Amino acid sequence: MKYDLEPGYMIAGKYEVLEKLGSGWEGEVYRVRERAIGVERAAKLFYPHSDARNRATKFYARKLNKLRQCPILIQYHTGERIEIRGTKVNVLISEYVEGEILASFLKRQPGKRLTPFEGLHLLHELALGVEEIHKAREYHGDLHEDNIIIRRKGLSFNVKVVDMYDWGVPAAENIRDDVCDLVRILYDVLGGKRTYRKQSPEIKYIVSGLKRSLITRKFRTAGHLRRHIENMEWE
Ligand SMILES: Nc1ncnc2c1ncn2[C@@H]1O[C@H](COP(=O)(O)OP(=O)(O)O)[C@@H](O)[C@H]1O
Ligand SMILES: [Mg+2]
């Protein structure tokens, strides 16, 4: 099933579709303009198959609202229920984030990867943001290159993460998964398997050969990872 809304389509009589931003298993995301005030927003339209009894919509909206003080997350605005070609569809309206998906940003880089220093800056920014989620005893649950919106800013990056996944009631295990996902992102942005053998001991200490038990022993939460990056010694 696909919605494939055309530019100009009005969502709930209030939000004008400007362009499709992306789509995945859960639904489709559009850049829209809130007509009454002329402000751009993002509208996520869930597919019914991934949203039984509105569970996915409610989960995402509630979690974004609970974590609205976390600057790495998008701001939730409102929810709408509309009908498209006879199907009832839940729509979640949130802040529109300008920037580029990490996956496509990487493809534009020389060698399709970041230098170790850039990678560490990016990881630091991500860990700093996810640390706030972990402090609230919550987790993201789906950290990867397609859920990270990135913009270069001075020495470092501005980052936002979208699309949280519902693994149930937050547990220490979910927080450890986020940490492992963050470490995996460092490994990937530096070139993955192609370059890992040649990376410095400092990078290898963090990536730990992607061994979960090693990573989680060193960094229990995103905060531990963030502090390590800030204080690491160079050989
Ligand atoms: N608030 C937003 N601002 C800008 N782009 C967004 C926003 N939310 C999602 N996107 C874009 O839409 C894509 C799909 O959104 P996502 O929430 O990850 O849905 P899915 O569950 O289908 O993966 C993202 O990869 C991103 O490119
Ligand atoms: Mg996604």
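Predicted model: local features only at pLDDT ≥ 70, side-chain atom pairs only at ≥ 80, totals over all residues.

User: What makes Lys44 a polar contact of ligand 1?

Analyst: A polar side-chain atom of Lys44 is 2.9 Å from an oxygen atom of ligand 1. The cut-off is 3.5 Å between N or O atoms, so the pair counts.

User: And why is Val97 called a polar contact?

Analyst: Here a polar backbone atom of Val97 lies 3.0 Å from a nitrogen atom of ligand 1. That is within 3.5 Å, so Val97 qualifies too. As for cover, ligand 1 taken alone exposes 540 Å², and the protein buries 89% of that.

User: Which residues of the shell are closest?

Analyst: Of the 21 residues around ligand 1, the closest are Gly24, Lys44, Glu95, Asp146 and Asn147. By class, the shell has 10 nonpolar, six polar and five charged residues.

User: How do you know which strand gives the most to the shell?

Analyst: Strand S2 does, with three residues. Strands S2, S3, S4 and S6 each supply at least two.

User: Which domains does the shell draw on?

Analyst: Domain 1 (10–95) and domain 2 (100–231) each give at least three residues.

Methods
Residues numbered from 1 in each chain as written. Chains lettered and ligands numbered in written order. Heavy atoms only, no water. Near = heavy atom within 4 Å. Polar contact = N/O pair within 3.5 Å; in protein donor to acceptor, adjacent residues only side chain to side chain. Areas by Shrake-Rupley, 256 points an atom, 1.4 Å probe, with all protein chains shown as cover. Helix = DSSP H or I, 4+ residues; strand = E, 2+ residues; numbered from the N terminus. Nonpolar A, V, L, I, M, F, W, Y, C, P; charged D, E, K, R; others polar. Domains from an automatic or database assignment.
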